Structure formats: structure tokens, C-alpha cells
Amino acid sequence: MATKDIPLVNNAARHPAVIVRMLKQHPHTLRDETEQCVRETTKALVRAGHRADLMDICRGAGLDEARRAIINSVCDNYRH
């Protein structure tokens, strides 16, 4: 699957602050996305400096365990 064709990944790379705000308000939207999409979106947001925001989203309600595990894994493994 080409991740360049996934709108959420594209928007996360181009407008990370907007996507983080949206995810803080509606974290449940990630449940509709594939695991690959969640992983690539998380990578883009962590690269843009939103690791702490993603960890806050992970600690809150609205995400299933699979999505939390993906976000935690990407955030823990990311190196500057």
C-alpha cells in the first residue's frame, strides 16, 4: 500500500498542528484507519515535534489498544 495516497498521512506531514488538534478533540477517528496509516501518521507527527501531544492522546480515552500500542511504539523508537 502506498502511504502517499492516504489523506491523513499527507495532512499530518503538511499540517501537523491541525491534525494534532483534531486528534486531541476526536481521537476515535484513528479507529477507522488502518494500522499502517496510524503508524505513518504518528511518524509524521513525531518528526514535526508533536511526540508529547501524541502521548497525551494515547493516555486519554477514545483509542483502542492496537492504536495505542502503535503510537507508543513509534514514539518510543523515534530518534532525532
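**Charges, fold and sulfur atoms**

Tutor: In the protein chain, the mean positions of the 13 positive and 10 negative charges lie 5 Å apart, with Lys (at NZ) and Arg (at CZ) taken as positive, Asp (at CG) and Glu (at CD) as negative, and His and the chain ends not counted. The model is predicted: local features need pLDDT of at least 70 and side-chain atom pairs pLDDT 80 or more, whereas totals for chains, interfaces and linings use all residues. Numbering starts from 1 along each chain as its sequence is written, and side-chain values use heavy atoms, without hydrogens or water.

The protein chain has five helices and zero strands (DSSP runs of H or I, at least four residues, and of E, at least two). Its C-alpha trace spans about 30 × 30 × 20 Å along the principal axes. Of the contacts (heavy atoms within 4.5 Å) with a separation of 6 or more, 67% join residues 24 or more positions apart. Buried residues (under 20% relative accessible area, 1.4 Å probe, protein chains only) make up 40% of the 80 residues.

Cys58 is in none, and its nearest cysteine sulfur, that of Cys75, is 6.8 Å away. Cys75 is likewise in no disulfide, with the sulfur of Cys58 as its nearest. Cys58 counts as buried because its relative accessibility is 6%; Cys75 counts as buried because its value is 2%.

How values were computed. Buried means under 20% relative accessible area, exposed over 50%, partly exposed in between (1.4 Å probe, protein chains only). A disulfide is a pair of cysteine sulfur atoms within 2.5 Å.
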